[in-house]
Amino acid sequence: MSNSSVVELPVLNQSDEAVAPCCPPLNERPLSAEEAERTAKMFKALGDPVRLRLFSLVASHEGGEACVCDISDVGVSQPTVSHHLKKLKDAGLLASERRGTWVYYRVEPSVLAAMGQLLTAAAR
């Protein structure tokens, strides 16, 4: 039997912005307007207590990712949880993957590294 009916699909990569959404350390040089815009979007997303808690739940979850079913008990309704997770994803803080009926979220390691670098350098 021939495999001529098999079609290879291209692998879609996330944009660089989703992988490295931040900027250089604050004490290295002034932020460009674009870097300030991206960074402000991230911090604005984390400025809501429910979103900050959801981000923390995903970041600290065993295995580095969490099913929405495991992190939705944050004192708000499921539609509100979904809204907040979308805001975090739109800000480049979370990535998601649908598996069957559930969506799994993860924090890209580069996001935590970039945020840590930004804030650690600022504290020196």
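I count a residue as buried when its relative accessible area is under 20%, and with that cut-off I began on this predicted model. Of the 124 residues in the protein chain, I find that buried residues make up 31%.

**Entry: the fold**

I next looked up the secondary structure, and the protein chain has six helices and three strands. Following the sequence, I noted the order of these elements as α-α-α-β-α-α-β-β-α. I then turned to contacts between residues at least 6 apart in sequence, and 57% of these join residues at least 24 apart. For the surface, I noted that the protein chain exposes about 8,100 Å², with carbon and sulfur atoms supplying 55% of that area.

In soluble globular proteins, nonpolar side chains tend to be buried together. With that in mind I looked up the largest nonpolar core, which has 22 residues, and the residues with the most contacts inside it are Leu 54, Leu 85, Leu 88, Leu 93 and Leu 94. Two or more residues of this core come from each of α2 (33-46), α3 (49-60), α4 (68-71), α5 (78-90), β3 and α6. The element that gives the most is α3, with four residues.

**Entry: the disulfide**

How many disulfides does the count come to? I get one disulfide, and Cys 67 and Cys 69 form it, with their sulfur atoms 2.5 Å apart. The link of Cys 67 and Cys 69 is right-handed, with 125 degrees about the S-S bond. I also checked the cover over each partner: Cys 67 has a relative accessible area of 1% and is therefore buried, whereas Cys 69, at 35%, is partly exposed.

**Entry: Glu 108**

Finally I asked where Glu 108 lies, and I placed Glu 108 in the loop between β3 (102-106) and α6 (109-123). Is Glu 108 buried or exposed? Its relative accessible area is 15%, so I recorded Glu 108 as buried, since the cut-off for that class is under 20%. I then compared Glu 108 with Glu 65, and I noted that the two are 43 residues apart in sequence, while their C-alpha atoms are 9.5 Å apart in space.

Note on methods: Residues numbered from 1 in each chain as written. Predicted model: local features only at pLDDT ≥ 70, side-chain atom pairs only at ≥ 80, totals over all residues. Heavy atoms only, no water. Buried < 20%, exposed > 50% of the residue type's maximum accessible area, 1.4 Å probe, protein only. Disulfide = S-S within 2.5 Å. Contact = heavy atoms within 4.5 Å. Areas by Shrake-Rupley, 256 points an atom, 1.4 Å probe, with all protein chains shown as cover. Core = buried A, V, L, I, M, F, W, Y, C linked by side-chain atoms within 4.5 Å.
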